[in-house]
Amino acid sequence: MALHRARRLFASAERQIELDTAFELKTADQVAATLGNMRGAVMKIGQMASYLDTGVPEPVREVFADLRQDATAMSADLAAEVIERELGAAPGKLFLEWDPMPIAAASIGQVHRAITRDGQAVAVKVQYPGVDKAIEADLANAGLAFGMLARSLFPGLVPRPLVEEVRARVMEELDYNAEARNQQAFADYYRGHPFIHIPEVVGELSSARVQTSELAEGARFEELMNWDQEEKNSAAETIYRFVYRSLWRLRYFNGDPHPGNYLFRPGGQVTFLDFGLTKHFTAAEIDRFAEMVDAMAVQKDLPRYRRVIEEAGMLPPGMPFDDAQIWRYFGHFYEFIYDDKEVTITPEWSAQTVKQFFSPTGDLAEIAKVSNLPPAFVIIQRINLGLMSILGALEARGNFRRIAEEMWPWVDGPPSTDLGRAEAAWLASRHRSQR
């Protein structure tokens with residue numbers, strides 16, 4: 001930093017920009033390398049920084065993008081040791097073919113290609129030894145971190161239930177048996193779907209630290225960004241439909257929507273990966289979410305919306321905020337479904353979504369100071385933070401209100417797009433087969 005400042009001192013304005021960019025890249029490389037070796041919850045921060053636009057410079061986000069799938073891998077021998085310890089035999093004996101070079105390496109484990117003894121191509125996810133201890137150490141400080149956050153920015157926040165919810169979800173992510181059950185629940189529900197694909201789990205080659213699934217192929221998010229806008233719109237619609245159909249109809253939410261967890265093919269076909277961080281909501285919790293959406297976006301009844309969030313514990317009763325303030329703070333999150341019209345979800349809008357949550361200004365900051373985040377809302381905020389950032393990066397365009405109405409159980413609207421009509425046909429055939 002000192003050397004960089006010295007170089008800038010006598011440089012021209014143009015040269016200062018060049019020096020700043022080079023410094024950002026060098027720093028990002030060093031930070032990404034460090035996070036990539038630290039693994040666990042800390043590395044996830046770097047992953048999130050790559051797609052949550054909160055003022056992180058573009059060159060830095062591009063470097064951090066490698067943390068989604070291309071972090072530093074553990075050695076082939078160490079991966080083989082984990083498999084032998086978990087499944088009782090070395091990869092060479094368990095599989096007909098085994099690729100010792102991983103095809104992806106992320107925060108908790110890395111993925112290898114293999115072929116089973118019966119000839120099925122599979123992806124084998126192997127958990128890093130000791131990552132559970134690293135995450136437990138991270139979580140041990142979570143209470144302190146959330147307590148500081150509450151005191152400094154959100155005095156209305158009740159930290160203990162928040163910490164317990166985060167701890168429960170993250171510790172579940174370390175249990176690949178739980179992830180396999182989650183993934184198989186999604187695979188069973190979406191089997192035969194025309195554009196949503198969930199890899200099937202190979203149970204006999206899975207354990208608490210190793211998970212084997214059907215091998216999926218497709219383009220990564222970075223490749224999708226170079227496709228034409230219609231393909232991006234179709235991919236965005238599929239992701240949107242998957243998130244909200246799963247939430248409203250299955251009561252499941254895959255709580256880690258980030259660019260490394262998708263594979264894309266033309267025509268809006270998307271394969272969804274990584275079901276470690278999954279939340280299963282109760283019927284009462286889903287009913288509460290539905291009340292909020294109906295009051296804000298359907299009935300456009302702000303007093304009713306306020307009563308609902310007060311009953312949910314998000315806002316203390318009787319606070320001196322008028323309807324205009326409530327709309328400016330909470331309404332932003334509903335803008336893209338508020339009216340029956342085509343909208344474009346821009347990077348600027350999704351960036352504002354993040355800022356609205358973490359750093360509101362003016363009178364909105366006064367609402368933030370007294371607001372709380374009940375446990376049921378902790379993981380669901382990944383929709384506002386993760387999903388909307390992805391749709392913003394794609395500059396997704398569509399009539400999201402009509403798409404949403406197809407999945408809202410209390411509306412059950414007709415299909416509004418080509419993908420919607422294909423999905424409706426799948427649902428009809430599914431219902432016929434279940435009779």
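**Exercise 1.** Which residue takes a positive phi in the hairpin of β8 and β9?

Keep in mind that this is a predicted model.

Step 1: Find the two strands, β8 at residues 262-265 and β9 at residues 269-272.
Step 2: Check how they run: β8 and β9 are antiparallel and joined by four bridges. Phe264, for instance, sits opposite Val270 in β9.
Step 3: Look at the three residues between the strands; Gly267 has the positive phi, near 80 degrees.

**Exercise 2.** In which sense do β5 and β9 pair, parallel or antiparallel?

Step 1: Go to β5, residues 196-197.
Step 2: Spot His197, which stands opposite Thr271 in β9.
Step 3: Follow both strands, and you get a parallel pairing over two bridges.

**Exercise 3.** Work out how α12 lies relative to α22.

Step 1: Pick out α12 (residues 229-250) and α22 (residues 418-434), whose axes come within 11 Å and cross at roughly 40 degrees.
Step 2: Angles under 35 degrees would count as roughly parallel, and roughly perpendicular covers 65 to 115, so α12 is oblique to α22.

**Exercise 4.** Describe α14 from start to end.

Step 1: At its start, a side-chain oxygen of Asp301 comes within 3.1 Å of the backbone nitrogen of Arg304.
Step 2: Along α14, the buried residues include Leu302, Tyr305 and Ile309. The buried residues of α14 pack against α13, α15 and α19.
Step 3: After α14 comes Gly313, with a positive phi near 90 degrees.

Methods:
Residues numbered from 1 in each chain as written. Predicted model: local features only at pLDDT ≥ 70, side-chain atom pairs only at ≥ 80, totals over all residues. Heavy atoms only, no water. Buried < 20%, exposed > 50% of the residue type's maximum accessible area, 1.4 Å probe, protein only. Contact = heavy atoms within 4.5 Å. Polar contact = N/O pair within 3.5 Å; in protein donor to acceptor, adjacent residues only side chain to side chain. Pairing = 2+ DSSP bridges. Axes fitted to C-alpha atoms, helices over the stretch in contact; angles between N-to-C directions. Parallel < 35°, antiparallel > 145°, perpendicular 65-115°, else oblique.
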